[in-house]
Amino acid sequence: MGFDGSPDAVAAITAGEMQATALQPAVMIARMAVDEADQMMKTGTTGKPEMQVIPCDLVDKSSASEYRNFERITAKN
């Protein structure tokens, strides 16, 4: 098990060397940060709570092909 969702972890899962990892969606978090900083600069508020919960994705052998570079590359069904 791991907790980062790195490309190495996803490759290890695909190769059968690791069972699963929890992907922390770094790409989504970065996009949110930029969008909220832009909103703050334009309006003085983000309109969001100070603390926000970002859900993680469980990546295992059945879903490893859906992830690359810290983000899901295919849509959830």
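Of the 77 residues in the chain, 23% count as buried, where buried means under 20% relative accessible area, exposed means over 50%, and partly exposed lies in between (1.4 Å probe, protein chains only). The model is a predicted one, in which local features need pLDDT of at least 70 and side-chain atom pairs count only at pLDDT 80 or more, while totals for chains, interfaces and linings use all residues. Residues are numbered from 1 along each chain as its sequence is written, and side-chain values use heavy atoms, with hydrogens and water left out.

The chain holds two helices and four strands, and read from the N terminus the elements follow the order α-β-α-β-β-β. The radius of gyration of the chain is 15 Å, well over the 11 Å that the globule rule gives for 77 residues, so the chain is more spread out than a compact globule. This radius is taken over C-alpha atoms, and the rule is 2.2 Å times the number of residues to the power 0.38. The C-alpha trace spans about 50 × 20 × 20 Å along its principal axes. Helices (H or I, at least four residues) and strands (E, at least two) are DSSP runs, numbered from the N terminus.

Contacts, meaning heavy atoms within 4.5 Å, can be sorted by how far apart the partners are in sequence. Among the contacts in the chain with a separation of 6 or more, 54% are between residues 24 or more positions apart. The chain exposes about 5500 Å², and carbon and sulfur atoms supply 57% of that area; accessible areas come from the Shrake-Rupley method with a 1.4 Å probe, and for residues only the protein chains shown count as cover.

Helix H1 covers residues 7-14, and its buried residues are Ala9, Val10, Ala12 and Ile13. Seen down the axis of H1, these buried residues fall within an arc of 160°, so they line one face of the helix. The arc is that of the directions from the helix axis to the C-beta atoms. What do the buried residues of H1 pack against? Their partners are strand S1 (20-23), strand S2 (57-60) and strand S3 (67-68).

Ala12 belongs to helix H1 and counts as buried at 13% relative accessibility. Residues up to four places away in sequence aside, Ala12 touches Glu17 and Met18. Gln24 is twelve residues from Ala12 along the chain, and the C-alpha atoms of the two are separated by 17 Å. After H1 comes Gly16, whose phi is positive, near 80°.

Further along is Glu66, in the loop between S2 and S3. Leaving out neighbours within four places in sequence, Glu66 is in contact with Glu71, Arg72, Ile73 and Thr74. The C-alpha atoms of Glu66 and Cys56, ten residues apart along the chain, are separated by 14 Å.

Most residues other than glycine have a negative phi. Asn69 lies in the loop between S3 and strand S4 (71-72), and its phi is positive, near 50°. Asn69 is partly exposed, with a relative accessible area of 49%. Phe70 is placed in the loop between S3 and S4, and its phi is positive, near 65°. At 30% relative accessibility, Phe70 counts as partly exposed.
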